Protein chains: 2
Amino acid sequence: ADDIFDVIEEEVTEDIQKAGGVTPLEISYVAASPFMLYKKRVFWLSFLAVSGFLTSTVIAYFQNTLSAVIALAFFIPVLIGTGGNTSNQVSALVIRALATGELTLNRWFEVVKKELVVGFLLGITIGILLSLWGYWKGGPQIGPVVGVSVILIVIWSNLVGGLLPIILTRIGLDPAFISSPLLSTLLDITGLLIYFMVANVMLLK
Amino acid sequence: ADDIFDVIEEEVTEDIQKAGGVTPLEISYVAASPFMLYKKRVFWLSFLAVSGFLTSTVIAYFQNTLSAVIALAFFIPVLIGTGGNTSNQVSALVIRALATGELTLNRWFEVVKKELVVGFLLGITIGILLSLWGYWKGGPQIGPVVGVSVILIVIWSNLVGGLLPIILTRIGLDPAFISSPLLSTLLDITGLLIYFMVANVMLLK
């Protein structure tokens, strides 16, 4: 019985450390020197920072739009945050359904259909909330841009978060990889693209 | 033995659903209608969006700084992302050390001392990387602002991520709550405050 609990403990440890993006420590945290902890963490953290360079490339590309309407910048964190939260929610549900066996990989198209409807309903709700806030903080031009962007970002993030665990399982990877900060970066980039393209169409016509 | 595995499965399910911020489904994902899934998710997602309003309040407060130097906006997502990644890494290590019992709550001050050093080393490293990128994308004024902000944001996020699991355990809460999107929002807000205060001091003197 001890063996079983050891295996479970190791699995849980692995999952926690995967979520944090740290390779396992060979020695205990208490015994490790600050420099050892630094060496353990610096590669992954640097890699994520460098992949985050892409988000600044997107914003820099749209800097004329941003200069014309500075209030667009106010809503960057809440928009990309909403995309990430949406994706985390749906992937938790789908990973769980795959783990218990109630959802099988060949039913992926049901997930697509279901999550398109759920994403649309969630997008409308959060879109109304955030467009009212956008109207109040950014003015009558900004409110509708924020609202439309939220609807599209939520539908997109909901679909990615619902399908990715299925795709990862299909190609033999651990669906827990979905919680990776790399996915957040991908959703940040696509969310910013959606936001600034909507702004360009609606504001600069 | 079945009972034990049921308990473990329920615990794991709970953890996954906590991370996603969804209350447990009473029925299976496959059987649930889109509207049931919507009802299950909409409250928490709306709550997070509303708490994200605070990030736009911070940026709006500093809009004159931003109008003067539009390139500051380019680095908002990568800076707040780095803060979140730093905090996730250290909290994974500390939660693990608490769970195995090698770290006890009364040794919290050792964690503070250790993580101040680790945060400083990580901050310097990521700060150099991002300030070079900031220099290239935003010009000679922006590089140092990004570098100094990263150092402060990484030290701060590292301390919060290291101490919060200890504080949560001390007051009887599950340290897994650390992975909550609410913590990301808190770190987003404090990260933005650090960034714009550094920019004000270094650019507008």
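Chain A of the predicted model contains seven helices and zero strands. Read from the N terminus, the order of elements in chain A is α-α-α-α-α-α-α. Of the 205 residues in chain A, 51% are buried. Contacts in chain A between residues at least 6 apart in sequence are joined in 75% of cases by residues at least 24 apart.

Across the two chains, helix α2 of chain A (residues 34-61) packs with helix α5 of chain B (residues 108-138). The angle between α2(A) and α5(B) is about 30°, and their axes lie 9 Å apart. Because angles under 35 degrees count as roughly parallel, α2(A) is roughly parallel to α5(B). The crossing in which α2(A) passes α5(B) is right-handed. In the contact of α2(A) with α5(B), 18 residues are nonpolar, four are polar and four are charged.

Within chain B, two helix pairs that involve α6(B) were examined. Helix α4 (residues 76-100) and helix α6 (residues 142-170) of chain B pack at an angle of about 30°, and the distance between their axes is 8 Å. This angle makes α4(B) roughly parallel to α6(B). The helix α4(B) passes α6(B) in a right-handed crossing. On the α4(B) side, the contributing residues include B:L79, B:T82, B:G83, B:T86, B:V90, B:V94 and B:L98. On the α6(B) side, among them are B:V146, B:V150, B:I153, B:V154, B:G161, B:G162, B:P165 and B:T169. By class, the contact of α4(B) with α6(B) comprises 11 nonpolar and 11 polar residues, with no charged residues.

The second pair consists of α5(B) and α6(B), whose axes come within 6 Å and cross at roughly 150°. Because angles over 145 degrees count as roughly antiparallel, α5(B) is roughly antiparallel to α6(B). The crossing of α5(B) and α6(B) is right-handed. The residues in the contact of α5(B) with α6(B) are divided into 20 nonpolar, 10 polar and one charged.

Two residues of chain A were considered individually. A:T82 is placed in helix α4 of chain A (residues 76-100). Its relative accessibility is 4%, so A:T82 counts as buried. With neighbours within four places in sequence left aside, A:T82 is in contact with A:I126, A:L130 and A:V154 of chain A, and with B:A49 of chain B.

A:F177 is placed in the loop between α6 (142-170) and α7 (181-203) of chain A. With a relative accessible area of 44%, A:F177 is partly exposed. A:F177 and A:P165 are 12 residues apart along the chain, and their C-alpha atoms are separated by 8.2 Å.

Terms used: Residues are numbered from 1 along each chain as its sequence is written. Chains are lettered from A and ligands numbered from 1 in the order in which they are written. This is a predicted model: local features need pLDDT of at least 70, side-chain atom pairs count only at pLDDT 80 or more; totals for chains, interfaces and linings use all residues. Side-chain values use heavy atoms; hydrogens and water are left out. Axes are lines fitted to C-alpha atoms, for helices over the stretch in contact, and angles run from 0 to 180 degrees between N-to-C directions. Helices (H or I, at least four residues) and strands (E, at least two) are DSSP runs, numbered from the N terminus. Angles under 35 degrees count as roughly parallel, over 145 as roughly antiparallel, 65 to 115 as roughly perpendicular and the rest as oblique. A crossing is left-handed if the near helix is turned anticlockwise from the far one by less than a right angle, and right-handed if clockwise. Ala, Val, Leu, Ile, Met, Phe, Trp, Tyr, Cys and Pro count as nonpolar, Asp, Glu, Lys and Arg as charged, and the others, Gly among them, as polar. Buried means under 20% relative accessible area, exposed over 50%, partly exposed in between (1.4 Å probe, protein chains only). Contact means heavy atoms within 4.5 Å.
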